[in-house]
Amino acid sequence: QVQLVESGGGLVQAGGSLRLSCAASGRIGSINAMGWYRQAPGKQRELVATITSGGSTNYADSVKGRFTISRDNAKNTVYLQMNSLKPEDTAVYYCNADLRIVGGLRWSDYWGQGTQVTVSS
């Protein structure tokens, strides 16, 4: 009923930039927070950044000052601008949305399929 589709991943050299996008579609009633998480090989999934429907943001310490999260509520889309990328940013990046479907009463977490970001040294 709901899909989150990420795009924008790829291979970039250290110091470069990438912009990730995630569009939510389907029977969406309303969306609360949206965010980005990442999982590197052999590591647990970790929070990168979140943004509320009102625009309040939260970042992992490791990306503060380099990454910027934003969203377009009219398009149900969240973005992650990643600058000054480092090899340790290499991971699969997942989009997350806390939303309620049309006619639904409960808020639930939905996840995208992930997009690979690889930063070469």
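**Entry 1: strand pairing around E11**

I began with Val92, whose bridge partner in E11 is Gln116. For the strand labels I took DSSP runs, numbered from the N terminus: strands (E) need at least two residues, helices (H or I) at least four. I call two strands paired if DSSP finds at least two bridges between them. By that rule E9 and E11 pair in the antiparallel sense over 3 bridges. On to strand E2 (residues 10-13): 4 bridges join E2 to E11, and these two run parallel. Within that topic I also noted Val12, which stands opposite Val119 in E11.

A note on provenance: this is a predicted model, where local features need pLDDT of at least 70 and side-chain atom pairs count only at pLDDT 80 or more, while totals for chains, interfaces and linings use all residues. Residues are numbered from 1 along each chain as its sequence is written, and side-chain values use heavy atoms, with hydrogens and water left out.

My burial scale is relative accessible area: buried is under 20%, exposed is over 50%, and partly exposed is in between (1.4 Å probe, protein chains only). Which residues make up the covered face of E11? I found Thr115, Val117 and Val119 there, with Gln116, Thr118 and Ser120 on the uncovered face.

I then checked E1, where Val2, Leu4 and Glu6 form the covered face and Gln3, Val5 and Ser7 the uncovered one. E1 runs antiparallel to E3, joined by 6 bridges. Ser7 stands opposite Ser21 in E3.

**Entry 2: Thr115**

Thr115 sits in strand E11. Thr115 counts as buried because its relative accessibility is 12%. Its side chain reaches the backbone nitrogen of Gly9 at 3.4 Å. For contacts I used heavy atoms within 4.5 Å. Leaving aside neighbours within four places in sequence, Thr115 touches Glu6, Gly9, Leu20, Ala91, Val92 and Tyr93.

**Entry 3: the nonpolar core**

My core definition is a set of buried Ala, Val, Leu, Ile, Met, Phe, Trp, Tyr and Cys residues joined through side-chain atoms within 4.5 Å. The largest such core has 31 residues, and Trp36, Leu80, Met82 and Tyr93 touch the most other members. Several strands give two or more residues to this core, among them E3 (18-26), E4 (28-39), E8 (77-82) and E9 (91-101). Which element gives the largest share? I have E9 down for that, with 5 residues.

**Entry 4: salt bridges**

Side chains of opposite charge can pair when their charged atoms come close. I count a salt bridge when a side-chain nitrogen of Lys or Arg lies within 4 Å of a carboxyl oxygen of Asp or Glu. The whole structure gave me 4 of them.

Asp89 bridges to Arg38, with the closest N and O atoms 3.0 Å apart. This pair links distant parts of the chain, 51 residues apart: Asp89 is in the loop between E8 and E9, Arg38 in strand E4. Are these two buried or exposed? Asp89 counts as buried because its relative accessibility is 1%, and Arg38 is buried at 6%.

Asp89 also bridges to Arg66, the closest N and O atoms being 2.8 Å apart. Arg66 lies in the loop between E6 (57-59) and E7, 23 residues from Asp89. Both Arg66 and Asp89 are buried. I logged Arg38, Glu46, Arg66 and Asp89 as a network of salt bridges.

Elsewhere, Lys64 and Asp61 meet in a salt bridge at 3.1 Å, N to O. Lys64 and Asp61 are both exposed.

**Entry 5: Arg71**

Arg71, in strand E7, is buried yet has no salt bridge. What does Arg71 meet instead? Its side chain makes a 2.6 Å polar contact with that of Asn73, and a polar atom of its side chain lies 3.2 Å from the backbone oxygen of Thr52. A polar contact here is a pair of N or O atoms within 3.5 Å; within protein, one must be able to donate a hydrogen and the other to accept it, and residues adjacent in sequence count only if both atoms are side-chain atoms.

Definitions and conventions
Lys and Arg count as positive and Asp and Glu as negative; His and the chain ends are not counted.
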